[in-house]
Amino acid sequence: MLKISLCPKISIVVLSLIIYVSGIRAQSLTSTIKTYKRTFTTYPFSDPNPIANVDKIYPYFRFDGYTDTATQQTWTTVNWRINTSN
């Protein structure tokens, strides 16, 4: 009977210790966020069908206007880096 009543208490202590240690580790992480403009080659599309196609890809709309001519478009790029070293 002692093993049965002692097991939940040990589990709670071990779980509390794991949560405490992971909290300390999470506080030591740092992150940096940088935004910059970058130009990508894109292929524009247009002329969306206003009625969603009830198929495998529902509820996505179908675009009937495509082009095979590449254009250069500038986008805002976000770089998020998490530094794990201390």
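Predicted model: local features only at pLDDT ≥ 70, side-chain atom pairs only at ≥ 80, totals over all residues.
Q: Where in the chain is confidence lowest, and where is it highest?
A: Start with the general idea: pLDDT is the predictor's confidence in each residue, from 0 to 100. In this chain the mean pLDDT is 76, and 73% of the residues reach 70 or more. Confidence is lowest in helix α1 (residues 2-27), with a mean of 66, and highest in strand β1 (residues 30-42), at 91.

Q: Which residues form the nonpolar patch on the surface?
A: They are L29, I33, V78, W80 and I82. Together they have about 540 Å² of accessible area.

Q: Which strand gives the most to that nonpolar patch?
A: That's strand β4 (residues 71-83), which gives 3 residues.

Q: Is I33 buried or exposed?
A: The idea is to check relative accessible area: over 50% is called exposed. I33, which is found in strand β1, has 60% relative accessibility, so I33 counts as exposed.

Q: What about D47: why is D47 called partly exposed?
A: Partly exposed sits between two cut-offs, under 20% for buried and over 50% for exposed. D47 has a relative accessible area of 49%, so D47 is partly exposed. You'll find D47 in strand β2 (residues 45-48).

Q: Which residues does D47 touch, leaving out those up to four places away in sequence?
A: Contact here means heavy atoms within 4.5 Å. On that basis, D47 touches R62, F63, D64 and G65. Take R62: D47 and R62 are 15 residues apart along the chain, and their C-alpha atoms are separated by 8.7 Å.

Terms used:
Residues numbered from 1 in each chain as written. Heavy atoms only, no water. Helix = DSSP H or I, 4+ residues; strand = E, 2+ residues; numbered from the N terminus. Buried < 20%, exposed > 50% of the residue type's maximum accessible area, 1.4 Å probe, protein only. Patch = residues over 30% accessible without salt bridge, like charges linked within 9 Å, V, L, I, M, F, W, Y side chains within 5 Å. Areas by Shrake-Rupley, 256 points an atom, 1.4 Å probe, with all protein chains shown as cover. Salt bridge = Lys/Arg side-chain N within 4 Å of Asp/Glu carboxyl O.
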